[in-house]
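Hi,

Here is the structure I promised to pass on.

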Amino acid sequence: MADNKEKENAVYEYSDSGHGYENRQEIYYNDNVGGRAVFVDSKEQYEADEPYNDEVYLPEKDRGKAPILQVNGLGIDFGGLTAVDNFNLTLGRTEIGGLIGPNGAGKTTIFNMLTKVYEPTRGDIIFDGKSTKGMSTVDINKAGMARTFQNIRLFDKLTVEENIKVALHHTTNYGLIDGMLHTPKYRHEEFRIRKEAMKYLKIFGMTKTADYRAGSLPYGAQRRLEIMRALATKPKLLLLDEPAAGMNPSETAELMDTIKEIRDRFQIAVFLIEHDMSLVMGICEGIVVLNYGRTIAKGSASEIQSNPKVIEAYLGKSRGKMEEEKHENLEEALSKGRLASAPSGKPDAGKEAE
Amino acid sequence: MAERILKSVSVRALKGAKRGGQYRKEAMIAYGILIAGYILLQLGAATGIIGRNLQGQFVPICVYMALAISLNLVVGISGELSLGHAGFMAAGAFTGVVVTRVLEKSLSFAPARLIIALIAAALVAALAGFIIGIPILGLRGDYLAIVTLAFGEIIRNFMNVIYFGLNEKGHLVFSFNHAIDGIEDANRVITGPIGATGTTQIATFTGAMLLTAFTLFVVLNIKNSKQGRAIMAIRDNRIAGESIGLDVKKYKLMAFVVSAALAGMAGCMFGQNYSTLAPVKFNFNTSVLILVFVVLGGIGNIWGSMIAAALLTILPEALRQFSDYRMLTYAVVLIVVMICTYNPAIKARIGAVWSKINPFRKRSKDNSGSSGKKGKEAA
């Protein structure tokens with residue numbers, strides 16, 4: 001009991017300090033879900049964090065070109081909680097990048113920061129050569145970043161076709177008076193965007209359902225429609241938040257082909273969050289792994305698969321290693337005379353040991 | 001020949017129904033109701049079936065229909081609750097009265113005067129809507145409803161303290177918060193709480209019906225345009241709307257201002273129907289009444305709200321025979337209709353009965369399309 005209280009205090013202590021972790025020996029921070037305190041071993045681990053925003057991490061074909069997205073030291077606090085900290089990324093012009101990590105790692109939070117649903121507390125985002133500081137969600141979309149949502153957000157009461165037409169809003173060229181009186185200009189533009197909307201619907205072969213209400217579509221079709229809607233805003237970077245969630249293996253395989261096709265046809269970058277490893281490992285050229293709000297690895301699919309940190313994040317530590325660390329931590333804590341405040345090892349790992 | 005024309009019309013209608021036809025269907029029903037209503041009421045008045053009392057309600061019926069349609073733009077299409085619609089109606093009504101009185105001498109052709117008054121009323125009401133719209137944009141739901149309520153009352157109370165009159169030269173004199181001295185009663189245009197007096201009644205049933213048709217035209221067109229889609233998209237999902245680059249505030253404001261302008265025009269027509277008109281007519285009750293039309297007709301259902309407006313305006317007149325129990329009967333009817341239209345179980349029951357007696361019902365092919373067909377083949 002007393003131990004828990006001490007942990008909480010430690011969390012606040014850290015959150016007050018903000019950046020100043022360099023001189024600290026022990027650092028606590030929270031993940032954004034359960035508010036658990038996590039013990040990060042020592043200063044060394046922070047220093048071991050690579051920036052992951054070098055050109056080295058770009059796929060061959062995108063090297064030499066300015067990256068579409070560059071993120072440096074991105075972080076956000078919610079009250080006293082640090083949801084994401086020191087997130088770095090470089091994404092090539094036509095790269096398909098993946099963002100993976102266990103539940104609650106802060107993946108969607110990163111998407112929300114990229115699209116300015118949340119204003120980041122720290123760090124900067126350089127999109128297409130320009131900093132996005134002070135931009136709103138609307139500005140971000142106009143600059144060329146479009147996204148889908150983890151929990152589908154369609155315009156339910158509009159038809160499938162209208163959902164695409166809304167996304168074509170900025171390329172539809174008539175004013176309110178034309179809209180009110182249905183002038184020839186209105187008719188001409190409506191005819192044009194109807195054809196264009198159909199072009200997008202064709203990508204996923206959904207032209208037959210054009211007149212259905214978006215809310216009445218089956219789940220998979222809704223996901224596809226959301227991707228098409230994002231695509232219709234003519235983005236340079238497409239952010240997909242769990243595009244394969246709720247799809248069966250054959251649908252997922254189809255989706256993989258479609259994402260590749262979209263990339264090749266529109267020559268855009270795609271950055272996706274996904275739990276389905278077959279999709280991530282199958283199409284992502286670069287993968288970032290996130291755990292407890294921090295980047296733990298970046299590399300190609302094969303590099304990620306063999307990375308011990310990633311395996312640890314997903315499967316936990318091996319028993320032997322855990323015991324060893326527990327022992328080390330204990331010794332370290334004893335040497336500083338701070339036994340009471342230092343929990344041994346990761347709390348979840350500790351639970352397993354019991 | 002006639003058959004051929006009929007055939008081509010029906011073919012065209014069918015094609016319309018196929019091509020994203022929900023709007024065309026809606027428009028056809030709404031215009032149909034308007035035309036049928038106009039013909040029926042005119043016939044009734046000509047043959048004497050409809051009494052004098054009810055004939056006096058013809059213009060208000062059209063005005064309330066127009067108000068219901070315009071409020072539907074905010075409540076149904078934009079998805080925000082507005083309780084201050086009577087305020088915009090008041091702004092339009094009094095603007096119209098002032099404009100027609102000023103023009104009375106110089107422009108003897110009444111319809112032209114009316115049209116100028118309508119345009120002026122629309123502009124003033126739109127300005128009021130714009131001024132009110134800006135501070136309330138950050139609000140949502142109940143909070144927005146309460147602020148619109150307050151603003152509606154502010155407009156009405158403002159009307160209570162303004163005085164307009166015509167001096168000897170026929171020029172307009174304005175005074176705020178105190179009566180104008182030295183003006184004959186006949187030359188007073190608006191007298192504070194007493195309101196507009198001495199207005200020449202130039203509103204006609206046909207004119208009012210045309211105004212309703214115009215309102216319907218504008219609202220239906222907006223609904224099926226880029227702006228309308230943006231407004232509805234924001235209603236359905238604000239965050240997704242922002243994510244595809246829709247300016248939420250701009251489109252909320254647009255819906256609000258257009259709705260206010262249309263309400264102002266309806267108010268102007270209303271004002272031209274009475275020789276005297278007090279600001280108290282445009283109180284909170286009227287705002288609620290318009291909202292009742294919209295809710296009763298089905299939120300977002302434009303032709304439904306038109307029918308509701310017409311019926312609820314006729315009803316108090318038709319219930320005169322119940323004398324003392326008139327308003328009680330009115331309330332009971334309202335409750336029964338609400339239950340019948342919003343209780344899912346009762347609604348389903350009515351729907352089942354309707355599908356049996358519906359003369360236009362589609363056979364075999366329904367909108368479940370190919371999947372339905374396949375199902376049948378399998379069976």
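K116(A) sits in the loop that runs between α3 (107-114) and β6 (122-127) of chain A; helices here are DSSP runs of H or I with at least four residues, strands are runs of E with at least two, and both are numbered from the N terminus. Although K116(A) is not a glycine, its phi is positive, at about 65°. K116(A) counts as buried, at 8% relative accessibility (buried is under 20% relative accessible area, exposed is over 50%, partly exposed is in between, with a 1.4 Å probe and protein chains only).

K234(A) is another non-glycine residue with a positive phi, near 55°. Its loop lies between α8 (219-232) and β9 (237-241) of chain A, and K234(A) is partly exposed, with a relative accessible area of 41%.

Before the rest, the ground rules. This is a predicted model, where local features need pLDDT of at least 70 and side-chain atom pairs count only at pLDDT 80 or more, while totals for chains, interfaces and linings use all residues. Residues are numbered from 1 along each chain as its sequence is written, chains are lettered from A and ligands numbered from 1 in the order in which they are written, and side-chain values use heavy atoms, leaving out hydrogens and water.

Leaving aside residues up to four places away in sequence, L225(A) touches L154(A), V160(A), N163(A), I164(A), L201(A), M206(A), A214(A) and L217(A).

And between the chains? Here 35 residues of chain B are in contact with 34 residues of chain A, where contact means heavy atoms within 4.5 Å. The buried area (accessible area, 1.4 Å probe, that two parts lose on being put together, summed over both) is about 3000 Å², with carbon and sulfur atoms giving 57%. On the chain B side, K226(B), R229(B) and I244(B) lose the most area to chain A, together 24% of what that side buries.

Cheers
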